There are 2 protein chains.
Amino acid sequence: VEQAVRTMNHFADSLRKAQMAKNSIAILGVDPQLTTSGSPDLPRGYTLKRYCCETVEACAEFVAAIKIQLAFFEAQGLNGMHALSDVLKVARRYKLITIADGKRGDIDTVSAAYAEAYLGDGDFGCDAVTLNIYMGGDVVKPFFRKIKAGKGLFVCVRTSNASSVEFQDIRDDRGILHWQKVAHSVKEWGTDYVGKCGLSSVGAVVGATHPDDAEEARDLMPNTMFLVPGYGAQGAGPKEAIAAIRDDGSGIAVNASRSIMYAYRSARELRPPAAAAAAAKKMRDDLNQAIEVRLGASFQTTKKHHRAA
Amino acid sequence: VEQAVRTMNHFADSLRKAQMAKNSIAILGVDPQLTTSGSPDLPRGYTLKRYCCETVEACAEFVAAIKIQLAFFEAQGLNGMHALSDVLKVARRYKLITIADGKRGDIDTVSAAYAEAYLGDGDFGCDAVTLNIYMGGDVVKPFFRKIKAGKGLFVCVRTSNASSVEFQDIRDDRGILHWQKVAHSVKEWGTDYVGKCGLSSVGAVVGATHPDDAEEARDLMPNTMFLVPGYGAQGAGPKEAIAAIRDDGSGIAVNASRSIMYAYRSARELRPPAAAAAAAKKMRDDLNQAIEVRLGASFQTTKKHHRAA
C-alpha cells in the first residue's frame with residue numbers, strides 16, 4: 001500500500017486517498033511542548049522519542065496524516081532531531097502522510113536546501129512542508145521539482161493566531177487584504193499541479209479560528225488543499241474547522257496537536273497514548289458529524305464511493 | 001574575553017564591541033551549498049563538518065560574527081545537525097558572535113520553542129536568530145525573555161532576493177509599503193532593548209541589493225542593527241552594503257556566504273580554508289574602505305576610540 005501511494009506521484013491525490021481510506025480528515029499534530037523551564041513536557045516515564053512514536057502508533061487508525069511541529073524537536077537539540085527521525089520512521093511504517101510544519105522560506109538556493117531537507121530522502125524527509133512566503137515566489141519555485149515527484153506544500157495564507165491580523169489584514173490601495181493577495185499567488189503557483197481529485201499539491205494554511213475568512217479563502221482558491229490548524233486547544237470547533245470544505249467533502253485537512261497529545265491530563269484512567277487515540281477518534285467523529293450536517297446527501301455519495309472502493 | 005562579552009547581557013552591545021575589536025563589520029556566512037544532485041558541495045577531501053569548522057577558524061580574525069544558514073545543515077539530516085553543533089563549538093571557542101539564519105516564526109508556543117532551540121543553551125544555541133513575521137507580533141514576543149538574557153533577533157524587513165518585491169512592496173491604502181510597516185513594528189518591538197551603543201537587540205534583515213531602501217529603512221529604524229545579506233555572490237558591492245550605516249560607523253553587519261566559502265574555486269593555489277580567509281580579509285578591508293569614503297573624519301574618531309579602548 002505504501003508503495004502504491006508513493007507511486008501515485010501526486011501529493012493531493014495521496015492525501016485525499018488516505019482521507020477516504022481512513023474516513024478521516026483529521027491530522028495528528030506531533031507537538032511535544034516545552035515546559036517554561038525548557039525541559040520536555042512529557043508524561044511520566046516517557047522519553048521524547050517514545051512518547052511521540054507511541055502516540056503516532058496509537059492514533060494511526062484515526063488520522064490520515066501527521067503534522068510534525070519541527071520547532072519542538074529543534075528545541076531538544078541533537079536528541080530532538082534523532083527523535084524526529086525516529087517518529088518519521090514510525091509514521092512511514094503506518095503509511096501515514098507526513099507534513100513537516102516549519103514555516104520555512106528563503107532565497108532560491110536556501111529554499112532548495114529546505115526542499116531537500118524536508119521533501120528529500122534524508123533523515124527528515126516528509127511528504128509535505130509548510131512555507132512562509134514573505135520573500136515572494138523565490139521561496140516556492142525550488143519546491144516544484146519535489147512536487148513533480150509527488151510531494152506537497154502548504155503556504156501560510158491565513159494563520160490561526162491572534163496577531164495574524166497585524167500584517168495579513170493590511171488592505172492595499174485597491175482594497176485587497178494582504179492574505180488575499182497571498183491566496184491569489186498560491187492559486188497561481190498551484191495551477192500546474194492539480195491532481196485527479198481536483199486539488200493542487202500547492203496547498204494553503206488557513207486557520208480554523210477565522211471561519212468567515214476560510215470560506216472566502218475557498219472562493220479565492222477553489223482547487224487548493226487547506227491545512228487547517230487551530231482546532232481544539234486554539235479554540236475552534238468542528239463547525240469552524242470545516243468552513244472551507246468543498247461540496248464533495250474534500251479540500252481540507254484539520255490538525256489538532258495539544259488536545260490530542262495532552263489528552264492524558266484529563267483522562268487519567270488511560271495510558272497517555274491510549275488517551276491520545278481516544279481524542280483522535282473523537283476528533284475524527286466530530287469532524288465527520290459536522291461534515292454530514294453541512295453537506296448532507298452529497299457527502300453520503302462520497303462515503304458510498306469510499307465504501308465501494 | 002568570552003565571559004566578559006557574555007556578561008554584558010546585551011546582544012547589540014556585544015556585536016558592536018566585537019566589530020570594534022576586529023575592526024570589521026563583516027560576517028562569515030556558513031552556507032555549505034548543495035549540488036543539484038543533493039550531495040554536499042565541498043572541496044575535495046573535506047567532510048561537511050571539517051570544511052565548515054576549518055573555514056570558521058581561518059576567517060575568525062577577519063569577521064565579528066558568523067551566520068549559519070540552517071537550511072544547508074538540515075538538508076544533510078542528522079549528519080548535518082551534528083556538524084552544525086560542532087561548528088558552533090568552534091565559533092564559541094573563537095569568541096565569535098553566532099547568528100542562526102532560519103527565518104523562523106510561528107504562534108506563541110512554537111516561537112518559544114524556536115527561542116529555546118536557537119537562543120538557549122542546547123546543541124544549536126546561538127547569540128541571535130533571524131525571524132519571519134508574516135504571523136505578526138505573536139512571533140516575536142516569546143523571544144523577549146531571551147533578549148533580556150543577552151540574545152538578539154533579526155527580523156526580515158527588506159530581503160535581498162529578486163522576488164522580495166512581490167509582497168514586501170505592496171502599498172497599503174495610506175501609501176505605505178508592506179516592508180515599511182514591518183520596519184515600523186521592528187522599531188516598536190525594539191524600543192525597550194536599546195543598549196549602550198544606541199542600538200536595539202531587535203535587529204532587522206535589510207538586503208544590500210536595495211541600497212535606496214536600506215537608507216530609507218535607516219530613517220524608519222534609526223536604532224536598529226541591520227543584518228545585511230546580498231554581498232558578493234548576490235551582486236552587491238561594499239558601497240551598496242554600507243548604505244544604511246550610521247554616522248558613528250555602527251548599525252550594520254554585512255554577510256557574505258558563497259563568495260567566502262567558495263573562494264577556493266578561483267584561488268586554486270590556496271588551501272580552501274586559506275582561500276576563504278583571504279576573501280574574508282578582502283571583504284573586511286573593502287567594507288572599511290567604503291566606510292572611510294562615506295564617513296570620512298567621523299569614522300576616524302570611531303577608529304581612534306577603538307584603538308584607545
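**Strands and interface: a chat**

Trainee: How many bridges join β3(A) to strand β4 (residues 128–131) of chain A?
Mentor: 3 bridges join them, and the two strands run parallel. Strands pair if DSSP finds at least two bridges between them. Strands (E, at least two residues) and helices (H or I, at least four) are DSSP runs, numbered from the N terminus. This is a predicted model, where local features need pLDDT of at least 70 and side-chain atom pairs count only at pLDDT 80 or more, while totals for chains, interfaces and linings use all residues. Residues are numbered from 1 along each chain as its sequence is written, chains are lettered from A and ligands numbered from 1 in the order in which they are written, and side-chain values use heavy atoms, leaving out hydrogens and water.

Trainee: Which residue in β4(A) is the bridge partner of A100(A)?
Mentor: That partner is V129(A). A100(A) of β3(A) is also the bridge partner of I68(A). Strand β2 (residues 65–69) of chain A pairs with β3(A) in the parallel sense over 5 bridges.

Trainee: Is β3(A) enclosed or open?
Mentor: 8 of its 8 residues are buried, so β3(A) is largely enclosed by the rest of the structure. Buried means under 20% relative accessible area, exposed over 50%, and partly exposed in between (1.4 Å probe, protein chains only). I97(A), I99(A), D101(A) and K103(A) are buried on one side, and T98(A), A100(A), G102(A) and R104(A) on the other.

Trainee: What does K103(A) form a salt bridge with?
Mentor: Its partner is D106(B), and the closest N and O atoms are 2.8 Å apart. The rule wants a side-chain nitrogen of Lys or Arg within 4 Å of a carboxyl oxygen of Asp or Glu. Across the interface of chain A and chain B, 4 salt bridges turn up.

Trainee: How many residues of chain A are in contact with chain B?
Mentor: 63 residues of chain A are in contact with 63 residues of chain B, with contact meaning heavy atoms within 4.5 Å. The area buried between the chains is about 5,200 Å², and carbon and sulfur atoms give 59% of that. Buried area is the accessible area (1.4 Å probe) that two parts lose on being put together, summed over both. In chain A, L78(A), Y134(A) and F167(A) lose the most area to chain B, together 18% of what that side buries.

Trainee: Changing topic, what about phi at K103(B)?
Mentor: K103(B) has a positive phi of about 50° although it is not a glycine. K103(B) lies in strand β3 (residues 97–104) of chain B and is buried, with a relative accessible area of 6%.
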